[in-house]
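I opened my notebook beside the viewer today. Here is what I looked up, entry by entry.

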Amino acid sequence: MATDGPHNVPTPKPGNDLVQIGAPPAKAPKLELEAVRQQLSTARGPQYWRSLEELADHEGFAEMMEREFPRHVSEWTDAVSRRGFLKLMSASLALAGLSACTKQPDETIVPYVQQPEELIPGVPQYYATARPSAMGAQPLLVKSHMYRPIKVEGNPEHASSRGASDVYSQASVLDVYDPDRSQTITYLGNTRTWGDFLGALRDAAGGEKAKQGTGLRFLTETVTSPTLAAQFRQVLAAFPQARLYQYEPVNRDSARAGSRLAFGQYVDAQYQLENADVIVSLDADFLGGPYFPNFLKLAKDFAGRRKLDGKEMNRLYVVESQMSPTGGKADNRLALRAWEVEQFAAALAGAVGAGGNGTVDSDAAKRFMSTLAADLKAHSGRCVVIPGEQQTPAVHALAAAMNSALGAVGKTVIYTDTVEPVPSEQMLGIKELVDEMKAGKVSLLVMLGGNPVFNVPADLDLKGGLEKVPLRIQLSAYKDETSRYCHWQVAQAHYLESWSDARAFDGTVTVVQPLIEPLYGGRTAHDILGILSETPGQSSYDLVKAYWKSQSKAADFDAEWRRILHDGFVAGSQFPAKTVSAKAVAVPAPAKKDQLEIVFRPDPSIYDGRYINNGWLQELAKPITKLTWDNAVLMSYNYAIANKYHDQQTVEINVGGRKVKGGVKIVPGHPDGSITVHLGYGREFTGRVGAGTGFNAYALRTGANANTALGATLTPVDGKWQLAVTQHHHLIEGNHVINADLAQGQSLAGEAAVSRGMIRSAVLEEFEKNPNFANEGAFEAPPLDMTLFGENGHYSWTTDPAKTSAHQWGMTIDLNSCVGCNTCVIACQAENNIPVVGKEQVLMGREMQWLRIDAYFQSAASDVANPRLYFQPVPCMHCENAPCEPVCPVGATVHSPEGLNNMVYNRCVGTRYCSNNCPYKVRRFNFLLYADFDTESLKGVRNPDVSVRSRGVMEKCTYCVQRITGARIQAEKEDRKVRDGEVVTACQQACPTDAIVFGDMNDPNSRVNKIKKQQRNYAMLAEVNTRPRTTYVASVLNPNMQLENRVEKKSEHGG
Amino acid sequence: MADSPEKTRGNPSEPGVSPPVIAPGYSFGQVTEKISNVVLTPYTPWSWLGGFFIAFGIMNVLLIAVGWLFLKGTGIWGVNIPIGWGFAIINFVWWIGIGHAGTLISAILLLFKQSWRTSINRFAEAMTLFAVVCAGMFPLIHTGRPWLAAYWLLPYPNTMGLWPQFRSPLIWDVFAVSTYLTVSLLFWYTGLIPDVATFRDKAKNPVAKFMYGMMSMGWRGSARHWHRYETAYLLLAGLSTPLVLSVHTVVSWDFSVSVIPGWHATIFPPYFVAGAIYSGFAMVLTLAIPIRAAYNMQDFITDRHLNNMAKVMLATGLVVGYGYMTEAFFGWYSANQYEAFMIKNRAFGPYAPTYWALIFCNILTPQTLWFKKVRSNVPLLFVIALIVNVGMWLERFVIVVTSLHRDYVPSSWGLYHPTVWDWATYLGTIGLFVSLMFLFIRVLPMISIFEVRTLLPQARVKAE
């Protein structure tokens, strides 16, 4: 210690190094202790210590230290001795103490003096709400953990959901936490306060008021909220000349116009598929997803008649202009170009006596039409015809006429008021608005939601019109293309942040309840209309409540209101059936038959483009194409081969001089002479997730030809358009054109899937003859007691009941019910904190979804253009003889006594041997750090019951072990066994068609056990003796055998 | 000990026809001089320096590639689902296979008293060691979390009572490879001791003298030393012999224990062992031919050596070819559609070019070795050895990638495209291997001095 002596010299001598370091004032600004204190007081955590280090490096630091602490200053320049180090530490602590002299910074912490009554940390709460949509509100039940909405489920008590949900609802919870959402109110791009906006809007409104609102125009998305409609009526009372336009690019114009043609008024058709024995879809993708009105109810009712549980099986005929999930579920399917569907409908209408004059060209179509007409007539009163949303008004009118002629009205279809209080034909409306704007008649334009600059028809000069409007206000969730053309942009609150109401498709009034305060201070349409109506400053909550109070007849409205909020809907508020009579309509013969047709469809994943910044949806493989992160130019095999196109080839589409480039994707079953493009991609201004994905199909779409256009041309362009697909439908990819193989019917992956017994299927007649078709021949499972090691050498819960645990979990998936809508995939992603990996990683084959839906096309060799489609959801099979388990060198994947194949993330070192050895390839590996540990807002959406996996770790479906554990804990508390139906996996809960059933195989009365006892139940790859716990219920089709030339008459899996 | 039997044992196949295993006219001292002069000289040839620095540069590519790998994760490679193993495992098996020649030459040929092995065993052993070093790296770095894999795969006692999963072939691998590395190292080092002692005695540089002195562990060449040395060497040879069979058998279990068509095959252990020896001899030839030219060692590594090695290659190559045929046969005979598809997909699927290239390299090319003219044409032999090296790498590529990329469920089929980092890692290990070889040649006797001296006719005279 004596050697340290010299360092103890307390005062620095002038002229030594120290002073020189601190001296030159020109180089370094003088440090003041107070300033330092200030600086440090705002820093926290690691930032604080970093600030401290930076400070010590500051040139003025030594000088300041000399001034403030003259005795210790020499320590700072010494080489660090042990003693010096200790002093350095104490000085650091002294500095750390500096900030203690000031007040702690204000932080919002949550010290419960009195804990809210219903909140138990770790125990989630559920609130009823709804996702508003032009297709009718989707009633929801949202799980909230510590006031954070983390998971969306369907509202089981609501008739429009019955517990099921859809992809957009499931994924919408991610949007709440999207860091790219608009977070402020801006005026010409500069941040403003709500007060500023209020002032500006009031001033402008004042001017309008004097003119009776002549220049005031509202442009909204489809309004389905009765309260909002009432507010509009108030506003219109104050501004009698003001007008409301509704516009969404994916709208129900055809249905509206068709309804006008047939009935002379706007009505919605509500199909009652539970009563229908024969269902005809005229290009209606009613099983595809929430882009079809009332999808959840239709899918559930359709599947309800295909469970072979005693109810007679229905038969679905589909005539369609592209390969859709509905077409995939069809018993008999006919691919026609979109314009031919109208002719087909007219011919069919004529054939069933509803009046019609269409001409059907091909023999196949003629035969299909006449057979179908006969079947419809034979099932009069028990059949229904559903027109497609993207079909022409005439098809809708013809369908109405047919339903009427076939006695379907009142049985399989009823007509009611429309979901929107103010129904309109939106394409006409938006054109009128643009004309008004261009004529300079609009002085104040308020846009409530929507992104019209991006998605109006390409022949409308909306931008030019907007420039003539002196004041343009937009309420939107994102800074988008439209925001650039607006003076004011107000951040819109997410529906999970807002109070509102909406009608479900059946008319049931459904309350939109917020789950969380607006994260970014967003506002609702109610707020903005509130400024203009007589009720400024009234909260959305008050408005909604007041409106329903005015509508209620209940004596005690508060009690009634509590009930409404609890249930999420107003009981008994569904629309009553209207009596309308349909008129027959005539269709003109089409002029230009041979031109290439282009069909515009909403995207199954990102809808009309509004979900483009949602990573879950972007990475969701579209039901048919299995394409992610892109749209594509979809075309048939024959068309591609005839014109020498191949997958991922860049082509330029030219429709009437409007040109867009995209990548080709060949789709089995697509009609020839037609291409399909999905809308919504190719955004110019969007968030980080959506930027640079796909091409803009709106640029090709005109108001007159919003759904289909004839006369498109395709030109090949140099370059490859990389399409990230998760499953290839044919064996040879890329530039290898598939012709040679195709000629032999060999190239479809589905061929292999069927011959390998992944998919087992029979037609109803065969099934009735041989109910055991799924478990015969090559696919017979080895006997359970087969072992090399004698009686005691083999672990199996089935052969050794003494060893079985209380529960043995198992799952069944009904291939007959699955419609491939993908809801389960997103539900699983949301429940299990599954990361999004991005297009590049998907291209490399590294998507992370635990549950995938395989889509297999299978066709007879002679009829490749007309394949069958099978959907097969594949989660982890939880094999009893799991091949993954013995190969893991560290025992990171192990079997639980309850039969789960568990993954121990902490123990996993990532050899990937388990994945290699998994015959089902259901394991997913974190090749890179996929989970986002940095973005603060995204932490909110995570399920706290599930760990977030880091890099280098294998993961896979757990059968939602957190839900099993939750139920077990509850059961143990109540000293009972877990009841059947108490554990519901996320995929099962979301499924609109009840295709997935999960439960205890030890319970003889459980649903899953009953289904597993069916003869149709089979295990995929049973011959490998993995003994999967997830089993499938084989598909049984009910085709009209007169039309059946695709499927061989014998049992299909024989080959 | 009679003269003639020894001689016949030396030339079992072609007595009197083949050239001797050492050129005539050497004295004991000349042998020692010639071999030690390569090392005990202050003069480092420019060719050595140039070659070493190129190899060292390539080795640095490995450091960069592995550094980036540790920073980012295995995602920098082309591996995916379903192809969970890619270059890393291919390279692992390839290197470990190469490592088999050393032990075979040292141990098995020693036990079989194949005295011609004497002049090539030293650097074959060194090659083995370096190849195992390269190989051993891959199973570790290919894991998702190598910092944990580094010790979780070892059975060490811990308070959590956690052990590795002994049913996994990857654990068997850990034991097999680490045992092999240990025994190979011991064997090599034991064999070095007498020669290092010679260097110690001859070295002029004090540092070299000190280092060799340390390494020679007090070897004085007494009869007792020799007695113990020979016992130990023989014991180690006995210990190594089963390892030649076991290591690659265990490596083959990494595949054959699985349920994947193309992996799950009973032929794998013998087929892998033969393949390993095949590739090992190819690599010995690849190294021996340039080295003997560079250091004028044609007198010690004679054409007869090359000839013999070519014969071993031909024999093992035929076994490997038999393995391929068996796989194809069972694809049909098993009546299992997955097996049948696997073979069809290998031959005609997206990776068909690799399969046919493999057939060309491993089956067709070595058939030329039936001809003595080919076996005695040194440049041609070098080219054939290189082709076999490539072929054996392709074999592992075909086994690993084409089996995985289309297994059971057609929806999950995919393709594997190696990335630049895959190649960098692979080339980097070649850099490491060559760098180590260069260092070895410069600082240690590349040919066993004392053993070569026993080949001299004088040695036999003395024995009598």
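Pairing first: I call two strands paired if DSSP finds at least two bridges between them. Helices (H or I, at least four residues) and strands (E, at least two) are DSSP runs, numbered from the N terminus. This is a predicted model, where local features need pLDDT of at least 70 and side-chain atom pairs count only at pLDDT 80 or more, while totals for chains, interfaces and linings use all residues. Residues are numbered from 1 along each chain as its sequence is written, and chains are lettered from A and ligands numbered from 1 in the order in which they are written.

**Strands of chain A**

I began at β2(A), residues 138–145. Six bridges tie β2(A) antiparallel to β3(A), residues 148–154, and there I found Val142(A) with Val152(A) as its bridge partner. Two residues lie between these strands in the hairpin, where Met146(A) has a positive phi near 50 degrees.

β2(A) also runs antiparallel to β1(A), residues 125–131, with seven bridges. I noted Lys143(A) in β2(A) as the bridge partner of Tyr126(A). This hairpin has six residues between its strands, and Gly136(A) takes a positive phi near 100 degrees.

**Two helices of chain B**

How do α5(B) and α11(B) cross? The axes of α5(B), residues 100–111, and α11(B), residues 268–294, come within 7 Å and cross at roughly 90 degrees. Axes here are lines fitted to C-alpha atoms, for helices over the stretch in contact, with angles from 0 to 180 degrees between N-to-C directions. I therefore logged α5(B) and α11(B) as roughly perpendicular (65 to 115 degrees).

For contacts I used C-beta atoms, placed from the backbone, within 7 Å. Among the α5(B) residues that meet α11(B) are His100(B) and Leu104(B), and Phe281(B) is one of those on the α11(B) side. The residues of this contact divide into seven nonpolar, three polar and no charged. Nonpolar covers Ala, Val, Leu, Ile, Met, Phe, Trp, Tyr, Cys and Pro; charged covers Asp, Glu, Lys and Arg; the others, Gly among them, are polar.

**Where the chains meet**

I found 39 residues of chain B in contact with 42 residues of chain A. On the chain B side, α7 (146–152) and α8 (169–202) each supply at least two residues. That side divides into 21 nonpolar, 14 polar and four charged.

**Chain B overall**

I counted 19 helices and zero strands in chain B. Its C-alpha atoms fill a box of roughly 75 × 55 × 45 Å along the principal axes. Of the contacts in chain B with a separation of 6 or more, 82% join residues 24 or more positions apart.

Key. Angles under 35 degrees count as roughly parallel, over 145 as roughly antiparallel, 65 to 115 as roughly perpendicular and the rest as oblique. Two residues are in contact if their C-beta atoms, placed from the backbone, lie within 7 Å.
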